[in-house]
Amino acid sequence: MNLHEYQGKELLKRFDVPVAMGILVEEPSDAIAVAKKITEATGINLWAVKAQVHAGGRGKGGGVKIAKNLEEVRKHADAIIGMQLVTPQTSAAGKLVRKVLIEQGIYYPGESEPAEFYLSIMLNRETSRNTIIYSPRGGMNIEEVAEETPDQIYKEEINPTVGIQPFQCRRIAFNLGLSGEAFRNMVKFIPKLVSAYLSNDASLLEINPLFKTSDNIILVVDTKMTIDDNALFRHADILAMRDIHEEDPMEVEAGRHDLNYVKLNGNVGCMVNGAGLAMATMDIIKLSGGEPANFLDVGGSANAKRVEEAFRIILKDKNVKVILINIFGGIVRCDRVANGIVDAYKNIGDIDIPIIVRLQGTNAEEAKEIIDASGLKVQSVILLKEAAQMVTKAIEV
């Protein structure tokens with residue numbers, strides 16, 4: 001589950017991780033009062049107004065603005081709230097901005113030069129260890145840094161037995177070019193950040209930029225935090241942070257019916273029971289010349305109601321030209337699934353795109369007879385090869 005920037009920062013503050021002071025605003029009329037409150041707390045008369053959407057590159061799309069006076073704070077909040085923000089990580093339609101984070105300015109006079117760094121923590125699946133990835137070149141796309149100057153990318157693996165070690169924290173601070181008070185602050189900062197990452201069951205914690213102020217304070221200025229969905233059962237407070245406005249509406253609807261659905265950009269809708277079979281089905285679609293329009297796992301109990309809801313969700317995708325249903329009858333009998341498909345078809349009404357059904361396993365032959373005798377525009381097969389051939393034919397038409 002993805003979190004907004006302001007939500008990620010709230011979680012970090014619980015672990016005493018220093019973050020730039022910011023207050024959430026949903027109405028532009030509140031912006032000036034909030035900016036005054038931030039100035040009273042920090043003494044800084046400079047603010048950032050930042051769109052809160054689940055997408056990176058907000059500044060490039062006009063979703064992050066610097067305000068040098070209170071009138072600019074109000075003007076930027078008014079312009080950003082309600083805009084369709086288009087970034088390199090959104091569709092061409094962009095995302096509707098419903099709220100902004102007004103944050104303290106971070107560039108202020110001091111004894112040393114400020115600096116921006118990149119730092120993230122994520123799981124390295126090759127080594128099964130959490131890894132800190134960092135670079136002295138923060139504030140820009142890390143992909144560009146890795147491509148143009150790979151020597152500026154550093155890594156520290158965290159041994160799960162002993163955790164992050166002091167010598168690793170010192171090495172990170174050294175590689176970032178820090179010294180003196182800033183060095184010591186970074187050494188203190190890293191263990192707190194790792195603790196926040198692990199305690200919240202995060203799968204990604206990315207900070208860009210991680211900032212050294214002119215008075216040598218280490219601050220989280222922007223953060224992206226993703227929580228492992230499988231661990232949300234023990235984080236009710238984090239689950240309550242979920243913003244369904246930032247998720248695909250069809251994926252949200254599928255979740256309400258306990259369907260595992262992920263929208264893709266293809267033309268072949270697929271309905272399958274079991275994640276492994278779903279992956280194999282998408283491979284077959286691709287090899288047949290089609291493109292999967294979705295990942296949809298109806299689970300082991302593919303009853304009539306669940307199949308009907310799956311149908312309705314797939315049919316909402318206007319790019320779908322054919323639907324492939326691939327069910328393996330192990331826990332559930334194929335004839336029951338076939339009856340569910342027939343009932344769902346009748347409840348929905350006329351479906352004007354081809355439907356190919358491949359049922360294999362317990363009572364597969366009986367299931368084929370049920371579908372063939374239904375009189376519906378449904379083509380049934382037993383072999384996956386036949387299903388692939390029919391998908392190819394349907395796409396060509």
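## Handedness of a helix pair

A crossing of two helices counts as right-handed if the near helix is turned clockwise from the far one by less than a right angle, and as left-handed if the turn is anticlockwise. With that in hand, let's look at this predicted model, where α2 passes α3 in a right-handed crossing.

## How α2 and α3 pack

Two packed helices are described by the angle between their axes and the distance between the axes. Here, helix α2 spans residues 31–42 and helix α3 spans residues 70–80. Their axes come within 8 Å and cross at roughly 130°, and α2 and α3 are therefore oblique to each other.

Which residues bring the two helices together? On the α2 side they are Ala31, Ile32, Ala35 and Lys36, and these meet Leu70, Val73, Arg74 and Ala77 in α3. By class, the residues of this contact comprise 6 nonpolar and 2 charged, with no polar ones.

## The sheet

Now to the strands: 4 of them form an open sheet, in the order β1-β6-β2-β3, with antiparallel pairing. The edges are taken by β1 (22–25) and β3 (64–67); each has a single partner strand, so one side of each is left without a neighbour in the sheet. On average, neighbouring strands are turned by 20° against each other, direction ignored.

Inside this order, strand β2 (residues 47–51) and strand β6 (residues 100–104) run antiparallel and are joined by 5 bridges.

Definitions and conventions. Residues numbered from 1 in each chain as written. Predicted model: local features only at pLDDT ≥ 70, side-chain atom pairs only at ≥ 80, totals over all residues. Heavy atoms only, no water. Axes fitted to C-alpha atoms, helices over the stretch in contact; angles between N-to-C directions. Parallel < 35°, antiparallel > 145°, perpendicular 65-115°, else oblique. Contact = heavy atoms within 4.5 Å. Nonpolar A, V, L, I, M, F, W, Y, C, P; charged D, E, K, R; others polar. Pairing = 2+ DSSP bridges.
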